[in-house]
Amino acid sequence: MIPDFPAPKFVPFSFRALPVDEQLQRADDFFELMNTRRTIREYSDRPVPFELIEKAITTAGTAPSGANLQPWRFVVVRDAEIKKKIREAAEKEEYESYHGRMSEKWLRRLAPLGTNEDKPFLDIAPYLIVVFRINSFVEDGETEPTYYSQESVGIAVGLLLAALHNMGLATLTHTPSPMKFLQEILGRPKNEVPFVLIPVGYPAPDAKVPDIKRKPLEEIMEMI
Ligand code: IYR
């Protein structure tokens, strides 16, 4: 090992082994919970306690990450004016996407979901969580890259969605393309790359979701 590298430091890990029947029960309960999650595109403006958002982001921050660099930033937007700016900019990009940038194959795949360039959820949902991926950082005057940041941030977003769903909140993973306007509107530095925009709130009382199915286990798992 190179002499001036930091020495690893270990602490005991406290592990509580669960009886198998409790493992099975928890496995069922968690699946049942997650199986009720749906992407929601119609929101109520009913306010959401901010503590819930903080707890969800704290949970997302438990995700594993490359070299433990935790290359994520969660920008929470509650301000109505900023939400409106984001909606306008997103709808402008989405108009271009739906009217020429997306291929016919892509549009055909989206047709069953009923999406289009109108994004009312961007100013109706009480919060937008804009997730940024930190691709480099400066320490002691030196620029360093982060590692596996796509994977790391993807995992953190998965935990965030699960945490919010567990709290009884609805979410949508929205990826307006290109997303550079988010960096500008939210005043983020260049090393923070927009990753996904997540409206959070309660579903509108009359919200509908597309009639789509999840692949069964046999289709997604291979046992060898
Ligand atoms: N970003 C666009 C288009 C879109 C793309 C995919 I892939 C989706 O699964 C859903 C939508 C939009 O948000 O409408």
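User: What order do the four strands of the open sheet have?
Analyst: Keeping in mind that this is a predicted model, the open sheet has its four strands in the order E1-E2-E6-E5, and the pairing is antiparallel.
User: Which strands stand at the edges?
Analyst: Those are strand E1 (72–77) and strand E5 (170–171), each of which has a single partner strand, so one side of each is left without a neighbour in the sheet.
User: And over how many bridges do E2 and E6 pair?
Analyst: Strand E2, residues 127–134, and strand E6, residues 192–201, pair over eight bridges in the antiparallel sense, and Val 130 stands opposite Leu 197 in E6.
User: Switching to the ligand, which residues surround it?
Analyst: The ligand is surrounded by Glu 94, Tyr 98, Trp 106, Leu 110, Asn 116, Lys 119, His 174 and Thr 175.
User: What lies 2.5 Å from an oxygen atom of the ligand?
Analyst: A polar side-chain atom of Lys 119 does, and an N or O atom in the side chain of Tyr 98 is also 2.5 Å from a ligand oxygen. On the backbone side, a polar atom of Thr 175 is 3.2 Å from a nitrogen atom of the ligand.
User: How much of the ligand's accessible area does the protein cover?
Analyst: The protein covers 70% of the 380 Å² that the ligand has on its own.
User: Last topic: which residues form the nonpolar patch on the surface?
Analyst: Leu 217, Ile 220, Met 221 and Met 223 form that patch, with about 470 Å² of accessible area together. Met 221 is found in the segment after helix H8 (217–220), and counts as partly exposed because its relative accessibility is 45%.

Notes
Residues numbered from 1 in each chain as written. Predicted model: local features only at pLDDT ≥ 70, side-chain atom pairs only at ≥ 80, totals over all residues. Heavy atoms only, no water. Patch = residues over 30% accessible without salt bridge, like charges linked within 9 Å, V, L, I, M, F, W, Y side chains within 5 Å. Areas by Shrake-Rupley, 256 points an atom, 1.4 Å probe, with all protein chains shown as cover. Salt bridge = Lys/Arg side-chain N within 4 Å of Asp/Glu carboxyl O. Helix = DSSP H or I, 4+ residues; strand = E, 2+ residues; numbered from the N terminus. Buried < 20%, exposed > 50% of the residue type's maximum accessible area, 1.4 Å probe, protein only. Near = heavy atom within 4 Å. Polar contact = N/O pair within 3.5 Å; in protein donor to acceptor, adjacent residues only side chain to side chain. Pairing = 2+ DSSP bridges.
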